[in-house]
Amino acid sequence: MIRQPSRHCTVELQAVPARIGHVRRIIAAQLRYWRLDALIDPAALGVTELLANVHRHARPSKQCTVELSVLLDQLTVAVHDEDPRLPRTRAADNWETCGRGLALIAALSESWGMRPEGGGKVVWFTLPALTPAPEEARALRTYWEPLPVDDDARTTADARTRAGGATVG
């Protein structure tokens with residue numbers, strides 16, 4: 001089930017490998033809709049790590065919720081699950097194939113954390129919600145740029161302004 005008020009999106013799922021790709025596509029589509037295209041890769045990578053942790057460690061259920069929200073200049077990605085045990089960060093040895101997920105989250109995010117919630121927990125990270133998409137910024141810049149004025153028109157407008165006869169239009 002997906003609920004999607006203006007800048008908030010929630011996806012409920014079972015954290016099984018077959019569903020993770022689907023959630024990544026939902027996140028990508030939602031961020032494109034919000035014109036936060038530059039955040040697609042880090043958000044998808046981060047949520048993949050968090051869902052892999054739910055799949056690998058959460059008990060008794062793999063049921064979880066992924067939540068995206070944008071507030072001011074920040075995207076928050078949170079994964080809620082039903083396991084009350086908080087994850088722990090650790091230094092993985094070079095030969096280990098697991099154990100780097102939270103370090104990756106810390107490296108790609110502006111901030112991150114975890115907290116108990118209800119009978120389970122929430123693990124979250126934030127990314128800076130960048131300025132508008134390039135085409136949106138271009139449209140704003142074009143709107144506010146002064147229209148080209150030839151020197152004769154500028155001289156006439158300046159004279160009118162000095163004479164108190166400036167027009168608004």
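Before I start, residues are numbered from 1 along each chain as its sequence is written, and side-chain values use heavy atoms, with hydrogens and water left out. Since the model is predicted, local features need pLDDT of at least 70 and side-chain atom pairs count only at pLDDT 80 or more, whereas totals for chains, interfaces and linings use all residues.

Let me begin with the core, by which I mean a set of buried Ala, Val, Leu, Ile, Met, Phe, Trp, Tyr and Cys residues joined through side-chain atoms within 4.5 Å; buried is under 20% relative accessible area, exposed is over 50%, and partly exposed lies in between, with a 1.4 Å probe and protein chains only. The largest such core has 33 residues, and among those with the most contacts inside it are Ile 27, Leu 31 and Trp 34. Elements that give it two or more residues include α1 (17-33), α2 (40-57) and β6 (120-128), where helices (H or I, at least four residues) and strands (E, at least two) are DSSP runs numbered from the N terminus.

Staying with α1, this helix has 17 residues and reaches 25 Å from its first C-alpha to its last, close to the 24 Å expected at 1.5 Å a residue, the expected span being 1.5 Å times one less than the number of residues. Its buried residues include Ile 20, Val 23, Ile 27 and Leu 31, and just after α1, Arg 35 takes a positive phi of about 60°.

What does Lys 62 touch? This residue is found in the loop between α2 and β3, and it counts as partly exposed because its relative accessibility is 24%. Leaving out residues up to four places away in sequence, Lys 62 touches Leu 13, Gln 14, Ala 15, Val 54, His 55, Arg 56 and His 57, a contact being heavy atoms within 4.5 Å. A polar atom of the Lys 62 side chain lies 2.9 Å from the backbone oxygen of His 55.

Finally, Cys 9 counts as buried because its relative accessibility is 1%, and Cys 64 counts as buried at 2%. With a disulfide taken as a pair of cysteine sulfur atoms within 2.5 Å, the count comes to zero disulfides.

Conventions
A polar contact is a pair of N or O atoms within 3.5 Å; within protein, one must be able to donate a hydrogen and the other to accept it, and residues adjacent in sequence count only if both atoms are side-chain atoms.
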